[in-house]
Amino acid sequence: MRAARDTGDGVGWPDTPADRQVKPRLYDGSSGVLPTLLDAWRYFDDDRYADMALRGARSVAGAVGDWEDSGLYSGVAGMAVALRGVHRVLGDAASGAAADRALDVLRSRYDGSGWNDWFELVVGNAGIALAALECGDPDLALLAVEHYARTAEPTPAGVQWQVQTGRVHRMLHLSHGTLGIVYALAAVGRATDRPDLVDLALAGTADVVSRNEAGPDGFLVPYSDPQQRHERIERHNYGWCHGPAGDAQAFRLLAQVLPDDPTWPALADRCWRTVVDSGLPRRIRPGFWDNNGRCCGTAGVLALACDRQVERGDGRDFADLLVADLAARATADAEGVRWSNVEHRDTPSDLAPATGWAMGNAGIIRELLRQARITTNRDPRYAVPFPDHPPTVPFGPHHEEEPVSYPRPLTPEEKLADAKKWLDLPRIVVICGSTRFMTEMAEADLRETEAGRIVVKPGCDMKSPHELWSDPVKAEALKVRLDDLHRAKIRLADEVLVVGDYIGDSTRAEIAYARSLDKPVRFTHPEVDPGT
């Protein structure tokens, strides 16, 4: 929120707070921030986030015609996804119209085979196909993938593609390699009833699987073949972009496209085991796991851990480890919370904190909010799904996905419970009882406080003389206000402690009120419990 820049027609976000230029794209600009704002709006029910998303959408919409790049993460295709998301979530017609304009721009730029000389997901045809599909234009998606059959290169195990026209090395993973193309072919093939596209996707997958170097129980494929920039890039990575955390997303999609084939959930499981056993998020050596971000680091792995919790029920412990690591590496001060990534070969090695999806706050917070929803049994779906991340569906040929309604607004009680969790508050105890037991209440307050609990209790003993209630008329009005105040204390508390060996009508009513709210009730003298 603080990093937003006024663009005249709305607000936009730079890559880092120190940058002057804002970018509208999904990877490191405004379009990548909008989905996170909408997730925050849904989670916290705070209209400031929705308002900021609308202002950001205005800025992105204004850039649709002028932004030269067309790709999913680099250009207009990703802007269309973000704008369509704002339209669907907030019902904003202007954002929907801007998404339609973005699709028109993409159609006008199509040159008969694509939009540029890239083949992959981040910049090239694969990502544009997925964006078109997400935005409701399957015909444009088909245009984007048709040339893959013509440009596929046969290999001993299947097929592969160039990353970019003229590049020697062939890349294999989701962001820039074969599995990103596989994802697009499988998704478009399923949506348009084109089994030939799915078959081509399987041929690409076969080539990648043949390169596995982690044995039959794991899955670890080289960064590229031949190895690109071997002096700076390690042979194996583990994140979303070039590692098994992203490879698993392609296998998860294939498990949904071909639900009767056990190959795909098995490969997703092998990716998961490889990631969990890798040693991350520990910084084992210089260059190993120096990144917190969604593209290359911990947040991208957390996305897979969230999928596992929903689909397999086995990712919670590892997700907790990832969240704890992100919390430990965050910088929190008066300016807010942010993360710095590390480039150990540079001096200084700490990189400037970023704001966007790929390496910055937007991508990290989006996954933290999803984990928070999962752990509180709320809807695990993103407010705005990205087209290269399959929805969570439990694997299995006999599973039928249950329809999930849009999450209902939280009740005030649920909002309070969530706030307590986020603030990490100790348990709150409210003391109830007759004011004849004020001395006993003070002793109970002492003991509960010593036990680490926050205590609230009656603050006025109207049986003792005081000028505040010396006037009978004012005293009667004050008693009504104090009764209301004590009920508010009961609503605030996590549990009730009833003090004394006598219960009058007022205390009896307080106990009934607490139990109607499902608050646990304890007694210093259990024999006076009116419920027994």
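Trainee: What is the mean pLDDT of the chain?
Mentor: The mean pLDDT (the predictor's confidence in each residue, from 0 to 100) is 92, and 96% of the residues reach 70 or more. This is a predicted model, in which local features need pLDDT of at least 70 and side-chain atom pairs count only at pLDDT 80 or more, whereas totals for chains, interfaces and linings use all residues. Residues are numbered from 1 along each chain as its sequence is written, and side-chain values use heavy atoms, with hydrogens and water left out.

Trainee: And where does pLDDT stay under 50?
Mentor: That happens over residues 396–409, for which the model has 18 contacts beyond four places in sequence, a contact meaning heavy atoms within 4.5 Å.

Trainee: How is the chain divided into domains?
Mentor: Domain 1 covers 5–288 and domain 2 covers 412–528, with bounds that come from an automatic or database domain assignment.

Trainee: How far apart do their C-alpha centres lie?
Mentor: The C-alpha centres of domain 1 and domain 2 are 55 Å apart, and the C-alpha trace of the whole chain spans about 95 × 55 × 55 Å along its principal axes.

Trainee: Switching topic, how many of the residues are buried?
Mentor: Of the 532 residues in the chain, 53% are buried, that is, under 20% relative accessible area with a 1.4 Å probe, counting protein chains only.

Trainee: What about contacts between residues at least 6 apart in sequence?
Mentor: Among those contacts in the chain, 64% join residues at least 24 apart.

Technical notes: Buried < 20%, exposed > 50% of the residue type's maximum accessible area, 1.4 Å probe, protein only.
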